[in-house]
Amino acid sequence: MTSTLTLALRARNANRIKPRYQICLIHPFDPRGKKVGGLETYIRDFITFHPTDTDILFIGVDSTGELELGRLHRLTFRGRGFDFLPILHYSDEQAREAARTIRSSLTGQFFMALLRHFGTIARLIRARRCSVDLRRVEFSWLPAILRLPFVQMLHGEGAPKLQMDSLLRKYAFVHNTGERFAVAMSEKFLCVNPFITERLQQTYPRRKEKIDTLWTWVNTDIFKPQLWPLNSSPFQIVFAGRLDEFKDPSLMFRTIDRLRQRLNGDIKFHYIGTSDPHRFAEFAAIEDITVRHGFKDAAGMAETLASAHAGILTSEFEGMPRCVLETLAVGRPVVAMHLPQLEPVIRTGVSGYLVARNGSRDDMVNALVERFVDVRNSIEADTMNPVQIADAISAFTPSTQLARVFRYHHEIQDARGLAAAAPTY
């Protein structure tokens, strides 16, 4: 028989006041817009998967031009509510290609917008007792001035000797200064792969304990293993993302052209993204076999990836490329130029192939072509399995990676007494 004390404890626990957490995201982006990339997917997923005991305030950009700037708007995205404070009107068309001047860049204009709306932002964040989540080190000054804790992430931009298709190449000192400041002032500094983490820990040994790796992830509610396309002819290859110079589109396009010759024209190339491939002379040779899909939301991206047979990546540098994870998640192998961080997910002959950076560019083209021929033969022989391919990314999901970020914010707010009490219902 249940005791009176037990009933009393149950009644008290049922009405127990639980803390409610407040996280502020700051990034020059509109989650409703058409811009795609790792940073953008992070924010969209941050909203999608935030815990029920957590409220999200997003300070960003209105890409439609319809929302009043500096005013709080309650929006719903993928069925999840969040508060949105737009501080800049900047269309998707403007954001499509990298800017060439500070004045016209999205980062520069957003920086100025933060200054213009600083009073509103300060009052709002302080009233909510937020911790702040940042994607760009250039904005770390804001929570520091407000004396609010923040979690910083470095996605890899600003690494030395890389051809970045942005102003960071020209104004690297801005990024480097922001990096040093963010490492010093943040509660946690996260990097997208262990190689960046190691570099920063060596550069800032006194801050080593706060610097850690947070792998990117793929939304496996949307990106699920799919059956192969009905036909292996034509052989269909896909790439998704912006055509930055460091992604080496020239090598990619040359590979598709050489593979076309090898397969007697029985090939089709799919590009998901909004960059203009005509900037690269090598694209002319494959334009007639290329399908340009433009922007795709996550569901559209998954559908297009699943309609192909394999993905391609030729980048000289990446964090942890989300397009690779998403391609693998739908059960499609990837052939990529070797990057150390790809070793855990691209398993030779199982989920694709990594090609060593040896020899001339022509040698690398030939090596990529040979691996794609291997993939096609494996698919036709039924020795590659979409489910086994998707298993390669089992550790790269929101429940394993993104959940860590929410835990960090909760721990920070608990330690500082920031979390507000809210009744349970």
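Helices (H or I, at least four residues) and strands (E, at least two) are DSSP runs, numbered from the N terminus. This is a predicted model, in which local features need pLDDT of at least 70 and side-chain atom pairs count only at pLDDT 80 or more, while totals for chains, interfaces and linings use all residues. Residues are numbered from 1 along each chain as its sequence is written, and side-chain values use heavy atoms, with hydrogens and water left out.

Among the buried residues of α11 are Arg 322 and Glu 326, together with Val 324, Leu 325 and Leu 328. Their cover includes α2 (38-48), β9 (235-240), α10 (298-306), β12, β13 (334-337) and α13. After α11 comes Gly 331, with a positive phi near 90 degrees.

Now step back to Met 320, in the loop between β12 (310-313) and α11 (322-329). Met 320 counts as buried because its relative accessibility is 6%. Leaving aside neighbours within four places in sequence, its contacts (heavy atoms within 4.5 Å) include Val 192, Trp 215, Thr 216 and Phe 396. The C-alpha atoms of Met 320 and Trp 217 are 8.7 Å apart, although 103 residues separate them along the chain.

Trp 215, Thr 216 and Phe 396 turn up again around Gln 401, which also touches Leu 214, Trp 217 and Ala 395, not counting residues up to four places away in sequence. Gln 401 sits in the loop between α13 (386-391) and α14 (402-416), and counts as buried because its relative accessibility is 8%.

Next, a pair of helices. α9 (residues 249-262) and α12 (residues 361-380) pack at about 55 degrees, their axes 9 Å apart. Axes are lines fitted to C-alpha atoms, for helices over the stretch in contact, and angles run from 0 to 180 degrees between N-to-C directions. The two helices are therefore oblique to each other, the class left once angles under 35 degrees (roughly parallel), over 145 (roughly antiparallel) and 65 to 115 (roughly perpendicular) are set aside. Residues making the contact include Arg 254 and Leu 259 of α9 and Asp 362 and Phe 372 of α12.

Finally, confidence: pLDDT, the predictor's confidence in each residue from 0 to 100, averages 89 over the protein chain. Over residues 157-165 pLDDT stays under 50.

Methods:
Buried < 20%, exposed > 50% of the residue type's maximum accessible area, 1.4 Å probe, protein only.
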